[in-house]
Amino acid sequence: THLVKDYKDGTNVYRALNDLSFEIKKGASVGLIGESGSGKSTISKLMVKLEKLDSGSIEFDFKNNKPLSSNIQMIFQDPFAALNPALKVGSMLEEVLNKHQSELSKLEKEQTLNNLLIKVGLTPEDANKYPNEFSGGQRQRLCIARALAAKPVLLICDESTSALDLSVQAQILNLLKELQVTENLSILMITHSMAVAAWFCQYLVLLKNGEIVEQGPSMQLIKHSTNGYTKALLAHT
Ligand code: ADP
């Protein structure tokens, strides 16, 4: 609500976000769309408290007592950089389960780990492999499995499919769409691609220079927007 973020460099102040308000409902997919530098990543950093707000507030209603780090998980653009190359997939997932689902028994953890891999379209045998034995799309599936291991309520996908080939991109988006329903996830999809957002998201928030240009249900914006910026973004899809 009324988010304001200034970046300061000596005496220079740059306003990256100027009075933004929007809501992500439980189980909904919201797209944050805008050209590079419009403030998308700043919003996600504020949400996970990597940056501090100058004014305004971010309120969460997760309906549980778990920490923010468990309720919100992020999937980044580069699945190569996001995975520890020295850690086998099984150990990587086990680490997250130990931290976020410590109540599980050893056997339950093993079953959960296998299920996570199956859920993202991989196999339990993949637990014995290292990240460099997987393709780019498969590595993004690993990142999704790792995020799900924390049992998040909200998944923030920051340009998660931008670096992938188009066909692989479609597969990952389909997987995320399926998981949104089966895991009852809210998804904040951060993207510069109106095509991705329009297809994936139920609600769109369009950003420009740190301000919201327009927001609303996707279908409504796509069909009826009279805003020049929205129409220009749509024209490129
Ligand atoms: P987007 O994710 O839409 O590309 P960002 O949120 O990364 O946009 O950036 C918004 C604006 O804030 C940009 O002009 C960027 O240069 C500036 N900015 C982002 N992070 C910092 C920082 N740590 N220090 C100074 N300026 C920053």
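**Entry 1: the ligand and its polar contacts**

I began with Tyr-7. An N or O atom in its side chain sits 3.5 Å from a nitrogen atom of the ligand. I keep in mind that this is a predicted model.

Next I looked up Tyr-14. Its side chain has an N or O atom 3.3 Å from an oxygen atom of the ligand.

Then I turned to Ser-38. How much of the ligand's accessible area does the protein cover? I noted 62% of the 560 Å² that the ligand has on its own.

**Entry 2: the shell around the ligand**

I listed the residues around the ligand. Tyr-7, Tyr-14 and Ala-16 are among them. I also found Glu-35, Ser-36, Gly-37, Ser-38 and Gly-39 there. Lys-40, Ser-41 and Thr-42 complete the list.

I sorted this shell by class. I got 3 nonpolar, 6 polar and 2 charged residues.

Which elements each supply at least two residues of the shell? I found strand E2, residues 12–20, and helix H1, residues 40–47. H1 gives the most, with 3 residues.

**Entry 3: helices H5 and H6**

I moved on to helix packing. Helix H5 covers residues 136–148, and helix H6 covers residues 166–182. Their axes are 10 Å apart, and the packing angle is about 20°. Angles under 35 degrees count as roughly parallel. I therefore wrote down H5 and H6 as roughly parallel to each other. The crossing in which H5 passes H6 is right-handed.

**Entry 4: helix H3 with H5**

Helix H3 runs over residues 89–100. I checked H3 against H5. Their axes come within 8 Å and cross at roughly 25°. So H3 is roughly parallel to H5. I marked this crossing as right-handed.

**Entry 5: helix H3 with H4**

Last, I looked at H3 beside helix H4, residues 106–119. The two axes are 10 Å apart, and the helices pack at an angle of about 120°. How does H3 lie relative to H4, roughly parallel or oblique? The angle makes H3 oblique to H4. For the label, I checked the ranges: 65 to 115 degrees would be roughly perpendicular, and over 145 roughly antiparallel. I noted a right-handed crossing for H3 and H4.

Note on methods. Residues numbered from 1 in each chain as written. Predicted model: local features only at pLDDT ≥ 70, side-chain atom pairs only at ≥ 80, totals over all residues. Heavy atoms only, no water. Near = heavy atom within 4 Å. Polar contact = N/O pair within 3.5 Å; in protein donor to acceptor, adjacent residues only side chain to side chain. Areas by Shrake-Rupley, 256 points an atom, 1.4 Å probe, with all protein chains shown as cover. Helix = DSSP H or I, 4+ residues; strand = E, 2+ residues; numbered from the N terminus. Nonpolar A, V, L, I, M, F, W, Y, C, P; charged D, E, K, R; others polar. Axes fitted to C-alpha atoms, helices over the stretch in contact; angles between N-to-C directions. Left-handed = near helix turned anticlockwise from the far one by under 90°.
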